[in-house]
Structure formats: structure tokens, C-alpha cells
Amino acid sequence: MSRPPDPITYRITPADPHAHLFTVTLTVAHPDPAGQRLALPAWIPGSYLIRDFARHLVSIRAEAGGRRLRLERIDKHTWQAAPTTGPLQVHCTVYAWDLSVRTAHLDATHGFYNASSLCLRVIGQESHRCTVLLEPPPGSVARDWRVATTLPEAGAPRHGFGRYEAPDYDALIDHPVEMGTFASVRFEAAGAEHEVAVTGRVDADLDRLARDLAPVCAAQAALFEPQTRRAPFGRYLFLLTAVDDGYGGLEHRSSTALLCGRNDLPRPGLGAPDDGYRGLLGLASHEYFHAWHVKRIKPAAFVPYDLGRENFTRLLWIFEGFTSYYDDLMLVRAGVIGEADYLKGLGRTLSGVLRGPGRRVQSLADSSFDAWTKYYRPDENTPNAVVSYYAKGALVALALDLSIRARTRGRASLDDAMRLMWQRHGRDFLAPDGSAGPRPSGLPEDGFPALLEEATGVPMRPALARWVDGTEELPLARLLAPFGIGLATAPTDRTPSLGARLATRGADLCVATAYSGGAAQRSGLSAGDVLVACDGLRVDERSLKTLLTRRRPGDPVTVHAFRRDVLMRFELVLDEPARTEATLAPLTRDNALRRGWLGPTARALAGAGARS
Ligand code: ZN
């Protein structure tokens, strides 16, 4: 019998909260005798941008047998230790002052980290078990600090500092850790224990949050596993940081890190969800859905992740777009929001997509592939050149779901494709201990059309070619009609348009984007120009709008603007009103197809009972 390989040990200490420094001591029992290589990831799965976490490493040194060992720098995030046979220790100090869900943050109020920011990967030993020794900060700063993570305890008490473990490096960096004086609430759903840990000053009804999240979690488990209705994990953690103004989330296999505005949390006594709370529920639902769809069902391009460089896939429209479709759909199926609210949200998504000329030049497949350099690196031309694989991907999911339901009279739906993807590519992806499972295979780049047809019996290949590989507009009005839902698009107001998005920066009114072919662009007015006058009158945001309400589309206007401090004059011919709003509204009181999609039938399948 062979001995299991010695675990890799990471001692993690929030050593200097005021300087925002974590220290990490890594011990490798059996380093590569030719010289152990160590690396920090260039990106964190779920956020498709090269972030080069090594840039926050303040110091690094290695030792073996009590003696300093030479560390050679190989590239921007890789080191190689001098050859040694004994246990290798590497000491790192890491700066942690980014309050986002992607990196690490530490001060005297709390600590948060993703191990991808703190823990070096031991190259060649990625499959070894990892032990994490989590230490409290020194001194009296943190006498009442607790720990929230779903990293399995290996001696540490629940919510305590101490020993935790991960089955391998991939799991280690997929379990974010929060430490501090967070408030928490627990609930059971889908056969698993759930917890919400809230960091930040909040005045919120956390029991309400738990009451609303429980049926959403149950509905998602029921979608993927209609027989058992069980989630593929025993514990799940929502790590929520509430700030003045913020919104974002990052998915993990049994947890999620979320950032929200503190006023998005439900206030005590709140009735029906307001917009902020509905947004928060949608965000939590989105990240939870990812526990199946992208953390277990993955694009083949992510199996395994290459943490040193971009991992290109043309399928993010499936993994992010479908997740964006199901996030709100799960709220209505769980009975947490009503049909009218759901349709209002769909209208907002559609309005957003229709506003961007980029939908006419970039396909969803290209948007997915170029996420690293385009969607995640927006600039002034992004609205003209990029379509969101989240928003348009959600609309394609809607178009597919409606098409399949109508063609099969409600007998099949996109849910069937999700279940088949789950059975074939997701269910066995992780072993019970959370390590890479026995059959790790992802969805092939060209695998979806055949899978969709197999699951539903509806051939959608030609439509997918037009909607995903091409840039054709989605025929949503036609697809919604059999569900008794009307789709109308109309301008939000009658004000003629400059064909530009404006932004106030300090005291300046600037052109943020000159839309493709719009009045501003035709006249030469460009992003960054500072508008000072329109038809000889000084303007700010409000007065310009007032002035334009007295003009009509086709009217000429003269705009004065500074470019690089030089005053320039532009002759514009005003466009039609720019902002169109899409609204979806039921045309009939009752409709069998709609009932199966959003109504009582859908809610019963989700196990949401009689709540409305
Ligand atoms: Zn997502």
C-alpha cells in the first residue's frame, strides 16, 4: 500500500490589519529535488480578466532545514527554489486592500481572502491535499472575530480559527474565507445547511432574507434533480459584504462572495421586495445557480483551468447568459417575486441590449471568446463594439425556452437541456470530498446544439447560428405571443438625441461614448470632449436636456466643446429620441403555456407551494 502524499500546509495569518498585510507560510514536505516551482494564479475562475495576483506580493523568501534557500524568479508569477530534499518553507507577505469579491481585504474590522491571492500553487503537487492553519490576528484587535467558510474543518471549531483542509489546490482557491464580526443567519434547503454571513454595518431583517432564499435554493435543486431535490453539496455559504454602494458576486462550488449596497438588504417590515432587494435576491440566485452551472457543468476549455493564462471559450453566453436567465426565473418559480415583476425585469434586460449598437457588430460567441480583452476591459467604444454575453445570452436562453415550449406544447423546455448537461457533464464532476471527480469532462465547444436537440427533440441549430454566431435580432415579440405576452418598444421620452452618452466628471459635462453613426459622431464630437455650450448657451447636464426638449429630430444645433483644452465647434443634426424602453405585459388573464413557464404549474414543480 502506498502512503497518501504529504499534504501541503499553508499557515495564514492576518498579521498586520492596519497595514493590510497577510502573512502566509507554505510548507512542502517533499519538494521537487530539482528545484521546486511555485506560482500564484494570473486570474480567478469566474472573473475572466488577467489580474496578476502576484503584484500584491510584498515579500517572499524560502528556507529549508532552518537555512535560507535561494528563490529564482521565473516570470511575473512563478518562482523556483534552489534544489533541496528536506521540507521546503516559503514565507510570503501579501498586501490586501481591495474590497472586491475577487481578491483579499484586511483591516481592523475584518479580513476576507480568496486563496488565489494568498496561496502559492506548488507546481506538480496540485492534486495534493492542502491543510490550512488559520490564525487570528495578533493582539486584542479581534477577540470576537469568527470565521465563515465552507472549507472543511479539520480540527477548527465551526466558525473558529484553527485547522481546515482542502482536497486539492483547485478546491483551496474555490473556498473564500471571511473573518470578523459578521452577522449570520441559517436555513435548511435542498437537503443542505445554508448560511448567510453579512459583513458591514447593516440594519436588516436577515430572517426575511433567509425565508426568501430558502425556496429559491430549493427550486434550483429541484430543477437539476427533480427526483431527489437535493443540492450537490452538504453546506452552502453566502458571504455578503454590505457597503455604501456596490454590486457584484463571484461563484464557488459551495459558497459565493457577494457585494451589495447596505440598503439593498431587506429593512425590517418590508412588504413586497423593492428594486434594491429584488436585485440582491437575483444576484444571490445567480451565484447559487453557478454551483451547478459553471462550477460543475463546465466548458471543456476550463477542464482543468490553466491559472497562468487566459482560458478561451466561445460558450460564456451559455454559462453566464443562461445563469442570468435562470436567476430571476427562479425567483418567480419560487414565488418570491410575481409574474409582473419578472416581466418588468425582462423588459429592462431587453432595453439594455437594444440600447447598445455593439449587438449589431459582435456575436455572442465572439463576445464570450473576447471576454478577457473586451467585456472585462470596457472603454468609451465598448457600447459600439461589444454585446454583453450576460444580457443577450439571457435573451437567447429566453428565446430558446419559449421556442421549445411552444413547439412541444409545454412538454419540453430549456430545463430539459439544463438537466441533460447536468447529468452528462456536471453531476459527477466533483468527488464527494470536493476534489476533481472520476469523470472530469466539460461541455465541448461545439456540443450544445446537439445536446439541446437530444434533450428537447426540437432542432434549434439554424436559430442558434443566427442568434449566437450571427448578430440577427431575436424575434422575441413573435416568440412571446403564444404565451399571451405582448412586447412593445417605445421611446422613453420625446427629446431628440445627440447620439452620445454624456457623463458629468467634476464640473465638466463630457462625452462618454459617441454612438456609432449618431449625431455626435457624424459631426466629429468625440469621447472625452467637454461640452460647454449648445447654440451659444452655456450648458450643464440639466440645462442641455431642457434645451433639447425644445428641438425636434433633424434640427441643427451648434455645440462648443473643449478637446485637449482647445475650444472646438461642431454642427450636429439631432437624432430621433435615443432611449427606447421595452415592456412586456400579459395580454390574456390565463394562458396554459405561460402557466407552465411562470405560473402555478412552474411553481408546483419548483416545490414553492401556494406562495405568490
Ligand atoms: Zn455569473
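Which residues does Ser47 touch, not counting residues up to four places away in sequence? Ser47 touches Arg102, Leu250 and Tyr376, where contact means heavy atoms within 4.5 Å.

## Before we start

This is a predicted model, in which local features need pLDDT of at least 70 and side-chain atom pairs count only at pLDDT 80 or more, while totals for chains, interfaces and linings use all residues. Residues are numbered from 1 along each chain as its sequence is written, and side-chain values use heavy atoms, with hydrogens and water left out.

## Ser47 and its place

Let us stay with Ser47 for a moment. Ser47 lies in the loop between strands S3 and S4. Helices (H or I, at least four residues) and strands (E, at least two) are DSSP runs, numbered from the N terminus. At 2% relative accessibility, Ser47 counts as buried. Here, buried means under 20% relative accessible area, exposed over 50%, and partly exposed in between, using a 1.4 Å probe and protein chains only.

## Aromatic pairs

Now for the rings. A search of the whole structure finds 32 aromatic pairs. Rings of Phe, Tyr and Trp (its six-membered ring) pair if their centres lie within 6.5 Å; planes under 30 degrees apart count as stacked, over 60 as edge-to-face and the rest as tilted. One of the pairs is formed by Phe22 and Tyr113, and it is edge-to-face, with 5.8 Å centre to centre and 75° between the planes. This pair links distant parts of the chain: Phe22 sits in strand S2 (residues 21-28) and Tyr113 in strand S10 (residues 110-113), 91 residues apart. Phe22 is buried, with a relative accessible area of 0%, and Tyr113 counts as buried at 2% relative accessibility.

Tyr48 and Trp372 form another edge-to-face pair, at 5.7 Å centre to centre and 65° between the planes. Tyr48 lies in the loop between strand S3 (37-39) and strand S4 (57-64), and Trp372 in the loop between helix H7 (364-369) and helix H8 (382-385), so the pair ties together parts that are 324 residues apart in sequence. Both Tyr48 and Trp372 are buried. They also belong to a cluster linked by ring pairs, whose members include Trp43, Phe302, Tyr305, Tyr376 and Tyr390.

## Salt bridges

What about charged side chains? A salt bridge is a side-chain nitrogen of Lys or Arg within 4 Å of a carboxyl oxygen of Asp or Glu, and by this rule the count comes to 32. In one of them, the side chains of Glu135 and Arg11 meet at 2.6 Å, N to O. Glu135 lies in the loop between strand S12 (130-134) and strand S13 (146-148), and Arg11 in strand S1 (residues 8-16), so this pair ties together parts that are 124 residues apart in sequence. Glu135 counts as partly exposed at 25% relative accessibility, and Arg11 counts as partly exposed at 36%.

Glu153 and Arg235 form a salt bridge as well, at 3.4 Å, N to O. Glu153 is in the loop between S13 and strand S14 (162-166) and Arg235 is in strand S18 (residues 235-243), so the two parts tied together are 82 residues apart in sequence. Glu153 is partly exposed at 25% relative accessibility, whereas Arg235 counts as buried at 18%. Elsewhere, Arg405 and Asp401 meet in a salt bridge of 3.0 Å, N to O. Being four residues apart in helix H9, Arg405 and Asp401 are separated by about one helical turn. Arg405 counts as buried at 5% relative accessibility, and Asp401 is buried at 0%. Finally, salt bridges that share partners join Glu153, Arg158, Arg186, Glu193 and Arg235 into one network.

## One face of helix H11

Helix H11 (residues 448-456) has these buried residues: Phe448, Leu451, Leu452 and Thr456. Seen down the axis of H11, they fall within an arc of 110°, so they line one face of the helix. The arc is that of the directions from the helix axis to the C-beta atoms.

What covers these residues? The cover includes helix H5 (316-333), helix H9 (391-407), helix H10 (414-426) and helix H12 (461-469). Just after H11, Gly457 takes a positive phi of about 75°.
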